[in-house]
Structures are given as structure tokens and as C-alpha cells.
Amino acid sequence: MLNLERLRTLDAVARHGSVGGAADNLHVTTSAVSQQLAKLEREAGQPLLAKNGRGVRLTDAGRLLAEHAARILSQVQVAQADLEAQRGRVVGELRIAGFATAARGLFPAALTALRADHPQLAVRSDELEAEDSVRGVLLGDLDLAVVLDWYNKPLPLPDGLAKRSVLDDLADVAMPVGHRLAGRSAVDLEEFASDEWVTWPEGEFCHEWLMFTLRGKGVEPRIGHVAREHATQLALVAAGLGVSVAPRLGRGPVPEGVRVVPVRDAMRRHVYAVWRADADRRPSIRAAVEALALAGRGLEG
């Protein structure tokens, strides 16, 4: 008889590619993972792992069993979701992540409402970029993620995920108060062709969106400075070191020396919650999504 927890361990090794990665995911030691796998090999009656340099790889039997393990664990999650749905109570633990401005602009109101309405639900939140949190939901490390894409550049979502819109977030251009366009009521992105931009790190979704958008308007971006946090970006703008995109969600007070101006062809970020479709009936997920949507409606209103 194959043990479910040992199958979960094998699944974690297959998903994370190493014993160490599986141990981190499962919050156990590498020795505990190795012991579970050794017992599973005895149950399966053949080797499941083989040495690969300084690491390990799955054998053919290991890959076959890992595929079955993924399906079995998915069915277990469906069964748990169905039981939760039948019970109809919002209890247990919920792991949620969101990008920085969502964590700052949405989570305080949404998580406070969840705590008040469902005191038996323990919510654990984290701040992650959209791609990382989507991966976390797929891997089972997270139950729910708040992600974003832009009006002209969707974020590809893998199969097997459900989603719901939370809000549409407008973004402005932030510029020094002495900028030639600071007195305008609206601007066009093409007008910043000669300006240096303060932007997100290369490889991040929002950075790639900005490059895509400016080039689509015939402007080759001039990157002056890179900062992950919007507050840092605005501080650099205040110092006269460039212009930046300034989303309204979670923005907070604009520092002295900065003027934010709307873009005539409005720039919008679509903010939405995603979760595994096989957990769709879990009351805790439904409650969390509703709390996020309510917080989003409050900001849009």
C-alpha cells in the first residue's frame, strides 16, 4: 500500500527538482525527505531516484509514480474542498500572496475583514511578484494569489487556475515639479521620448510592459535608474533623476517635488485573484476572494 505522505514527498521532489527544494517546500529537513523516499522505494519495490552529479533525478519508475502522485494529491484536494463546502464553514489556514502594491493597498482591509467575519480562519500572507505567486499556487505552496496584468499586455495564466477580477487600477506618470509637462492636466507617453525613466528591474513583468508600451509608440526607452519599490522610484523622481509610472493602488502620499499627471490614453492595471480550480468550492477561498473584491470596490469607489 502506497503511503499518501510519501507520495506527497515524491511529488515535491518532482516539482522542485531536488531533495533540498522539496524539504523547503514541506518545511522538513532533507534527512526527513530522504527517509520518506527510501520507505517509498521499498513500498514501490524499485528505485525512484538516481544520482545525478551532486544531486538526484527521478528514474523512469520515479517519474511514472510522480505523475500518479500529482493526480492522487489533486483528487485529495478536491475531496477536501468538497468536505469543506459540505460543512460550509470558513476555517483552517489560507496562504495568500500578492505583488507589493496589492499587499499594501488591498491586504490590510481585506484581511482585517476576514479576521472579523471568520475568526477561525488563519490567514498567512506574503509579498511576491505575480509570476512567482502564480507558480506558488500551481505548486500548492499557496492557496490564493493576487496578480496583475496591463490593459495592453495580459499575464499568461496556465490551465487549471480559476480567477476573479478585484479592481482596475489607473496609473499616472510621475515627474519632477519643474518638468516641462508638470503643469498639464493630461499627457501622452510619446511626449517623454527624451526623458530618462525610473523603472522596475529588468525581467519583472511591469518593466517588460513599460518597454513594450513605449516601443509600441515609437519611443526607445532611456532607462536611467532601476528600483523595485514605488516609494524609491518616486524619491528618485523627486530628486529630478527621471520620470516613472505611478500606479494609484497603494501609492500613499506623493513626496514633495513630484507631480503625477494622468495619461490621456489611460494606463490601467487589471488586478485579480487566482486559485486552483480544483479548490474552487473551498469556503475559505470564496470568502477571501469576496473580501478582496469588496476591498477593491472600496478603492474604485
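**Crossing of helix 1 and helix 3 in the predicted model**. Helix 1 and helix 3 cross with left-handed geometry. Helix 1 spans residues 4–16 and helix 3 spans residues 30–44. Their axes lie 9 Å apart, at an angle of about 115°. The two helices are therefore roughly perpendicular.

**Residues at the contact of helix 1 with helix 3**. Helix 1 contributes Glu5, Arg6, Leu7, Thr9, Leu10 and Val13. Facing them in helix 3 are Val33, Gln36, Leu37, Lys39, Leu40 and Glu43. By class, this contact holds six nonpolar, two polar and four charged residues.

**Crossing of helix 6 and helix 10**. Helix 6 covers residues 107–117, and helix 10 covers residues 283–300. The axes come within 8 Å and cross at roughly 135°. That angle makes helix 6 oblique to helix 10. The crossing is right-handed. On helix 6, the contact uses Phe107, Ala109, Ala110 and Leu114. On helix 10, Ala287, Ala288, Ala291, Leu292 and Ala295 take part. Nine nonpolar residues make up this contact, with no polar and no charged residues.

**The largest nonpolar core and Leu292**. This core has 63 residues. Those with the most contacts inside it are Leu106, Leu144, Trp150, Val173, Val245, Met267 and Leu292. Neighbours within four places in sequence aside, Leu292 is in contact with Ile96, Leu106, Phe107, Ala110, Leu144, Val146, Val166 and Ala273. Phe107 and Ala110 also belong to the helix 6 side of the contact with helix 10.

**A separate nonpolar core**. Another core, of 16 residues, lies apart from the largest one. Its members include Leu10, Ala12, Val13 and Ala23. Leu10 and Val13 also meet helix 3 from helix 1.

Notes
Residues are numbered from 1 along each chain as its sequence is written. This is a predicted model: local features need pLDDT of at least 70, side-chain atom pairs count only at pLDDT 80 or more; totals for chains, interfaces and linings use all residues. Side-chain values use heavy atoms; hydrogens and water are left out. A nonpolar core is a set of buried Ala, Val, Leu, Ile, Met, Phe, Trp, Tyr and Cys residues joined through side-chain atoms within 4.5 Å. Buried means under 20% relative accessible area, exposed over 50%, partly exposed in between (1.4 Å probe, protein chains only). Contact means heavy atoms within 4.5 Å. Axes are lines fitted to C-alpha atoms, for helices over the stretch in contact, and angles run from 0 to 180 degrees between N-to-C directions. Helices (H or I, at least four residues) and strands (E, at least two) are DSSP runs, numbered from the N terminus. Angles under 35 degrees count as roughly parallel, over 145 as roughly antiparallel, 65 to 115 as roughly perpendicular and the rest as oblique. A crossing is left-handed if the near helix is turned anticlockwise from the far one by less than a right angle, and right-handed if clockwise. Ala, Val, Leu, Ile, Met, Phe, Trp, Tyr, Cys and Pro count as nonpolar, Asp, Glu, Lys and Arg as charged, and the others, Gly among them, as polar.
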